[in-house]
Amino acid sequence: NTILTEERKKLVATVFYIDPPTVNVKLGAKLLKDSLVSIDSVSKKAVLASDAQKDYFGILTAEVDATTADKEATVMVTGEFFGEAIVVTAEHVIDKIIARNKTLFIK
């Protein structure tokens, strides 16, 4: 279920009120729209989620290029989403994401 190509399926499975917060994306990252992010425990900034992390923060609403400086980004922290459309790292397994997550409902 790893999606790393430009061709991605529809992300949102069910529409309901979402008031997305903003986060700072950690310097050095270039993240695609629909990327699953976690908050780094040291810097307290958003990073591409990895399978080693126990909690996921949200899904980016737009592409973010923080290669030269931290960048502010909007994330969806609640909602129902199609798992095959979420951008994740190669080691991710969607079943693990579903099991660990508490507010992102993934189909």
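Modeller: Happy to! Let me start with some terms: strands (E, at least two residues) are DSSP runs, numbered from the N terminus, and two strands pair if DSSP finds at least two bridges between them. This is a predicted model, where local features need pLDDT of at least 70, side-chain atom pairs count only at pLDDT 80 or more, and totals for chains, interfaces and linings use all residues. Residues are numbered from 1 along each chain as its sequence is written, and side-chain values use heavy atoms, with hydrogens and water left out.

Our part is strand E4, residues 36-39. E4 pairs with strand E6 (residues 58-60) in the antiparallel sense, over 2 bridges. Strand E5 (residues 46-48) also runs antiparallel to E4, and 3 bridges join them.

Now for the loops. Most residues other than glycine have a negative phi. Asp34, in the loop between strand E3 (29-31) and E4, has a positive phi near 75 degrees. Lys44 is not a glycine either, yet its phi is positive, about 65 degrees. You will find Lys44 in the hairpin of E4 and E5, which has 6 residues between the strands.

Are these two residues buried or exposed? Buried means under 20% relative accessible area, exposed over 50%, and partly exposed in between (1.4 Å probe, protein chains only). Asp34 counts as buried because its relative accessibility is 4%. Lys44, with a relative accessible area of 60%, is exposed.

Methods:
Helices (H or I, at least four residues) and strands (E, at least two) are DSSP runs, numbered from the N terminus.
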